[in-house]
Amino acid sequence: MSRGSEFVVVANRLPVDRTVGADGVPRWRRSPGGLVSAIAPVMRRRKGTWIGWTGAPDEELEPFEEDGMELYPIAQSAREVELYYEGFSNATLWPLYHDVVAPPVYDRSMWDAYVRVNRRFAEAAAKVAARDGLVWVQDYQLQLVPRMLRELRPDLRIGFFLHIPFPPLELFWQLPWRRQILEGLLGADLVGFQLPGAAANFVRLCRRLLEARYVKQDVFWDDRVVRARAFPISVDVGELNDLVGRSDVQERVQEIRADLGDATVLLGVDRLDYTKGITQRLQAFGELFDDGRLKPGQAVFVQIATPSRERVEQYQLLREEIEQQVGRINGEYGEIGFPVVHYLHSSYDRAELTALYLAADVMVVTPLRDGMNLVAKEYVACRKDLRGTLVLSEFTGAAAELKRGAFQVNPYDIDGLKSTLMDALEAEPAEQARRMRTMRRRVIENDVDRWAHAFLSELENPAARPGRDESE
Ligand code: ADP
Ligand code: G6P
């Protein structure tokens, strides 16, 4: 055990997915979602190993190197994908942690699979990590790993970061396995959340459910101190800057603008997920035409939706609903060659996304609940030109930092959403610049390197000693 990795990231997914192209040749492609966008640049800069799943069932692969990272694949059988990934992770925890915007499924065989797969990840980390090494476990799919890993390797320093919201006690209490999840997380030395409110929810639960002693956000458990802290995640500003400066990206911006005519361009970029409020934003946009506040040719909506969790029922229902909505709006207001909504159910590379951000006049980010939302920060990071406006839901973590520059909105309030879209569409260049400057200051100061550094240095050197015990 004297050899091994000093730094190990454990996440359900590897940063690359295995896909098979139209030519039948398998290749690696960047995995979807904010976790990979944030951790991949950090991992490229540090030497370490990333333990995760390739995204395909029943795939046994040897460790390999890709894009400057050491990758250690974990296999999942088709049944485990169904019960652990699509089931407990994405039909139970995902909706429960996002304000139950869809009903969570509670199923014992899903839970059993979650325990089994978490153990597999913990055993892999125990094998790969060097003595006294640092292991950073990511997200809701792996909440049991910290405790399992500590039992196997008490020498390790273990951090955990939750990329999604952590629910209030009143919701978490529903979970039949609530105690096991909390005890799992308490195996870590440091548990990181996006917002201070989530860290407070966690500490409150430890106190109420486990009767754990605590001081501020330090929980005393098993003769150890477990720190709960907020670390708002961010984007790789340097990477986006480089992309903005590329001539091929700038040419692509001109092409997109030329294709869309003179219309004002509204843009949505999301995984196709019911938490993202895509139907609400399309409804608001469609009603602006119904009301005559917008005329065809005056504005177009480009909605990019990456396919996501396609075998989970709620995702299938959402896809059907969005396709119907887009069909209705275009049927009503589109003309030959000029739809008013361009809906693209596909994933794009970073250069194309950057070009889209630069081509957009209004970026529309309207989740019903979102831990952070990196798309909002990516848009701001790209707009060096100080043009464009951001419509941002109050229910995103990003709103805490960007609220002064964004046009804030409650996505449940369709009339409010309509008037906010109009305000954002009509903002004068001077106002756009003032708002964008305010938001850019925050994003540039707090980029993803700073986030990773803050988390890892807190894990390596606890900032403050615990004070008075507030539970006594
Ligand atoms: P989530 O993690 O829930 O998917 P975030 O907004 O935090 O939401 O992160 C999404 C990440 O995925 C961003 O980095 C964004 O650029 C990327 N992304 C979203 N949609 C697409 C797409 N259609 N093609 C490529 N990347 C995408
Ligand atoms: C969010 C989650 C990640 C997840 C990603 C993509 O960002 O926080 O943990 O990896 O969505 O979802 P998927 O189910 O495709 O991994």
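Q: What percentage of the 472 residues in the protein chain do buried residues make up?
A: Let's start by noting that this is a predicted model. A residue counts as buried if 20 or more other C-beta atoms lie within 10 Å of its own. Of the 472 residues in the protein chain, the buried share is 49%.

Q: What radius of gyration does the protein chain have, and which value would a compact globule have?
A: The C-alpha trace spans about 65 × 55 × 45 Å along its principal axes. With 472 residues, a compact globule would be near 23 Å, so the chain agrees with that value at 22 Å.

Q: Which strands stand at the edges of the open sheet of six strands?
A: Reading across this open sheet, the order is β15-β14-β13-β16-β17-β18, with parallel pairing. An edge strand has a single partner strand, so one side of it is left without a neighbour in the sheet.

Q: Which residue in β17 is the bridge partner of V365?
A: Strand β16 covers residues 362-365 and runs parallel to β17, residues 389-393, with four bridges joining them. Look across to β17 from V365, and the bridge partner is L392.

Q: At what angle does helix α15 run to β18?
A: Helix α15 (residues 414-426) lies across β13, β14, β16, β17 and β18. Its angle to β18 is about 170°.

Terms used:
Residues numbered from 1 in each chain as written. Chains lettered and ligands numbered in written order. Predicted model: local features only at pLDDT ≥ 70, side-chain atom pairs only at ≥ 80, totals over all residues. Rg over C-alpha atoms; globule rule 2.2 N^0.38 Å. Buried ≥ 20, exposed ≤ 12 C-beta atoms within 10 Å, placed from the backbone. Pairing = 2+ DSSP bridges. Helix = DSSP H or I, 4+ residues; strand = E, 2+ residues; numbered from the N terminus. Contact = placed C-beta atoms within 7 Å. Axes fitted to C-alpha atoms, helices over the stretch in contact; angles between N-to-C directions.
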